[in-house]
Protein chains: 2
Amino acid sequence: MTVQPPLDHFEPTADSIQAARDRIAKYAVRTPILESQELNGLLGARVLIKPENLQRSGSFKLRGALNRALQLNTAERDCGIVTWSSGNHGLAISFVAKHLGISATVLMPYDAPKTKVEGVRLNGATVRLYDKTKEDREEIGAQIAAESGAVIIPPYDDPYVITGQATLGAEIAHQAAEMGMSLDVALFSCSGGGLVSGAACGVHTLMPRAAIYSVEPAGFDGMALSLATGERRKAPALCTSICDALLVPAPGKLTFPICRKHLAGGLSVVDDEVKEAIRFAYRELKLVVEPGGAVALAALLAGTIDITGKTAAILLSGGNVDAEKFATCITTVPTSGI
Amino acid sequence: MTVQPPLDHFEPTADSIQAARDRIAKYAVRTPILESQELNGLLGARVLIKPENLQRSGSFKLRGALNRALQLNTAERDCGIVTWSSGNHGLAISFVAKHLGISATVLMPYDAPKTKVEGVRLNGATVRLYDKTKEDREEIGAQIAAESGAVIIPPYDDPYVITGQATLGAEIAHQAAEMGMSLDVALFSCSGGGLVSGAACGVHTLMPRAAIYSVEPAGFDGMALSLATGERRKAPALCTSICDALLVPAPGKLTFPICRKHLAGGLSVVDDEVKEAIRFAYRELKLVVEPGGAVALAALLAGTIDITGKTAAILLSGGNVDAEKFATCITTVPTSGI
């Protein structure tokens with residue numbers, strides 16, 4: 001029987017993060033730290049780039065999915081997994097399910113990127129598309145779980161998942177330490193907050209003074225709003241965003257208290273800034289980064305935060321982007337001063 | 001005064017390669033080794049991917065350029081550098097020249113990719129465009145050198161440059177050894193042969209039994225032809241190739257004897273195979289690879305060589321590609337069975 005950690009004031013600890021690192025080590029890649037002289041020069045800073053687009057399944061989401069799935073007991077494995085996801089968590093769950101021989105059902109919105117839906121199907125999982133405007137994905141997921149006995153692995157508001165994402169923060173801090181550096185600042189993309197809450201704890205196990213920031217698409221920046229007001233708030237979400245992976249408008253119940261304690265603040269970026277970051281990654285880093293994966297880089301390039309003279313880490317959180325969208329982005333010449 | 005190594009039977013040695021590694025360590029990135037479960041699964045092999053598109057200046061060419069430029073004496077530095085290049089060697093030379101405070105002139109063909117010409121200019125070097133069909137770049141280079149006293153750093157047929165590229169082979173072999181593996185096979189892209197000759201020596205310092213292959217675009221596969229016939233031969237070059245970096249139709253005077261001794265053979269790939277490799281790198285590796293940088297991957301994916309059950313290393317040699325060309329490539333659906 002899996003023992004669920006207590007949820008009151010839950011946060012990943014140095015011990016639980018280390019245990020997760022050991023648990024997932026066989027399946028997850030220790031992605032490298034990259035640097036760009038061009039970026040360092042532009043910002044007058046040292047920026048350590050963590051490319052989790054190079055992670056298996058194409059995003060950091062593999063870490064949380066692994067940390068949960070590897071703790072399922074035999075009876076739970078036999079019943080399968082159900083989850084909901086705009087794409088990357090679904091890709092990670094389906095990847096893990098395939099490799100562990102577990103069945104999986106993934107609820108995905110009709111407007112999810114083609115490459116993500118196809119990827120989940122190629123991994124052998126069942127895709128159930130739903131209408132974001134009319135259906136409640138958590139309700140459908142709960143119903144499937146009730147009928148089939150499948151275990152729900154939510155995309156962010158889950159202790160195992162948060163602790164899995166925390167391995168990323170710990171890994172970055174360890175890699176920085178190996179390079180003889182200490183982090184002043186670290187920026188992580190944010191949707192429901194599973195990544196940034198966990199990663200902040202992970203960084204702080206080794207470098208407690210690092211200032212951690214969430215980065216969200218403007219209009220969907222519920223974490224920034226919540227951090228500013230001190231309580232869980234929902235962003236208006238009246239606009240659209242190119243960042244298909246970051247459209248959750250409010251932080252989670254578990255993730256927000258952790259972020260309130262560990263984060264220095266929340267940043268927001270607009271689509272044009274994200275596109276410029278994708279072009280920069282194409283041109284200077286030779287990396288394929290998806291819109292939601294480029295927000296931390298976008299915040300630096302747009303000057304949303306000044307890191308002059310500092311050592312910073314940024315996450316490129318994923319690289320699963322439809323070829324047509326990527327092609328349009330890299331061949332578009334910006335009209336503004338960006 | 002720089003002492004030129006003797007050219008008869010020149011080949012990089014374990015000592016000269018190690019000296020080059022130490023020399024360039026401060027400026028060149030030790031690019032990581034990446035793996036793709038997808039690729040390993042497709043081929044039934046273990047493939048270590050060396051992404052030199054992540055190298056500074058966007059290609060492996062930095063290594064040779066650094067190894068030569070760092071051995072210029074003060075008088076030579078004052079007179080500057082002149083070279084000719086389809087792009088990547090020019091980018092590397094201009095990058096090195098900028099960082100060492102040396103002036104540089106780069107002869108480039110009119111049809112060189114825009115991003116390469118612009119990149120050389122952005123680095124502050126002088127670009128002299130020439131007409132491939134009417135002008136001899138080596139003659140123009142010699143004339144500039146004679147008039148200005150500038151030192152010629154040729155793109156491949158030069159002991160310093162070859163030894164610089166050899167650091168790449170040594171680095172791959174060391175990284176494989178660190179991972180507890182020994183290489184059965186290694187594939188390197190080839191134009192004039194500076195890379196593959198040096199890299200073969202580098203791999204063989206540590207793993208003398210590895211079978212090394214050059215990979216060239218069909219029609220420009222002078223190395224394959226020369227290896228097969230035992231003497232330096234020029235490929236017909238009657239067609240065109242998407243691989244702008246690999247259009248030298250014959251191996252160099254210095255590079256061929258080394259390759260004859262160290263290579264197991266020469267492979268060729270056609271444009272459609274290269275495009276498929278670029279798409280694979282986009283989709284599965286999340287890497288931006290230029291056509292000439294993708295030929296080794298193309299040879300594996302196309303089954304040009306069977307590596308079932310083996311441990312292989314392949315080089316992704318560069319990532320400097322015009323956005324329009326890359327966009328067209330990743331959005332094109334192949335019509336054949338490839």
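1. Start with a strand pair. In chain A, β1(A) runs parallel to strand β9 (residues 311–316), and six bridges link the two. Within that pairing, A:Ile49 sits opposite A:Ile314 of β9(A). Note that this is a predicted model.

2. Now the sheet around that pair. Chain A has an open sheet of five strands, in the order β1-β9-β6-β7-β8, with parallel pairing. Because β1 (46–51) and β8 (263–269) of chain A stand at the edges with a single partner strand each, one side of each is left without a neighbour in the sheet. On average, neighbouring strands of this sheet are turned by 20° against each other, direction ignored. As background, strands of a sheet pair through backbone hydrogen bonds, either parallel or antiparallel.

3. Next, β6 of chain A. What is the burial state of strand β6 (residues 185–189) of chain A? Five of its five residues are buried, so the strand is largely enclosed by the rest of the structure. A:Val185, A:Leu187 and A:Ser189 point one way from β6(A), while A:Ala186 and A:Phe188 point the other way. Both sets are buried. The cut-off for buried is 20 or more other C-beta atoms within 10 Å.

4. β6(A) also has a partner in β7. The two strands, with β7 of chain A covering residues 211–217, pair in the parallel sense over five bridges. A:Val185 has A:Ala211 as its bridge partner in β7(A).

5. Leaving aside residues up to four places away in sequence, A:Ala186 touches A:Ile172, A:Val203, A:Ala210, A:Ile212, A:Ala312 and A:Ala313. In soluble globular proteins, nonpolar side chains tend to be buried together.

6. Turn to chain B. Its open sheet of five strands has the order β1-β9-β6-β7-β8, and the pairing is parallel. The edge strands are β1 (46–51) and β8 (263–269) of chain B, each pairing on one side only. Neighbouring strands of this sheet are turned by 20° against each other on average, direction ignored. Inside the sheet, strand β6 (residues 185–189) of chain B pairs in the parallel sense with strand β7 (residues 211–217) of chain B over five bridges. There, B:Leu187 has B:Tyr213 of β7(B) as its bridge partner.

7. Look at helix α10 of chain B. How many of the eight residues of α10(B) are buried? Six are, and the helix is mostly covered. The buried residues are B:Gly222, B:Met223, B:Ala224, B:Leu225, B:Ser226 and B:Leu227. Their cover includes β7, α11 and β8 of chain B. Just after α10(B), B:Gly230 takes a positive phi of about 85°.

8. A:Ala237 is not a glycine, yet its phi is positive, at about 50°. Where is A:Ala237? It lies in the loop between α10 (222–229) and α11 (255–262) of chain A. A:Ala237 is partly exposed, with 16 other C-beta atoms within 10 Å. In chain B, B:Ala237 also is no glycine and has a positive phi of about 50°. B:Ala237 is placed in the loop between α10 (222–229) and α11 (255–262) of chain B. B:Ala237 is partly exposed, with 16 other C-beta atoms within 10 Å. For context, most residues other than glycine have a negative phi.

9. How are the two chains related? Chain B superposes on chain A by a rotation of 180° with 0.0 Å of shift along its axis, at an RMSD of 0.0 Å. That is the relation of a two-fold axis.

10. Last, the interface. Chain B and chain A each bring 18 residues to the contact. On the side of chain B that touches chain A, helix α14 (residues 323–331) of chain B gives the most, with six residues. That side divides into 10 nonpolar, five polar and three charged residues. Why do the copies meet through the same surface? Because 100% of the interface residues of chain B are also interface residues in chain A.

Conventions: Residues numbered from 1 in each chain as written. Chains lettered and ligands numbered in written order. Predicted model: local features only at pLDDT ≥ 70, side-chain atom pairs only at ≥ 80, totals over all residues. Least-squares fit on C-alpha atoms with pLDDT ≥ 70 in both. Contact = placed C-beta atoms within 7 Å. Helix = DSSP H or I, 4+ residues; strand = E, 2+ residues; numbered from the N terminus. Nonpolar A, V, L, I, M, F, W, Y, C, P; charged D, E, K, R; others polar. Pairing = 2+ DSSP bridges. Axes fitted to C-alpha atoms, helices over the stretch in contact; angles between N-to-C directions. Buried ≥ 20, exposed ≤ 12 C-beta atoms within 10 Å, placed from the backbone.
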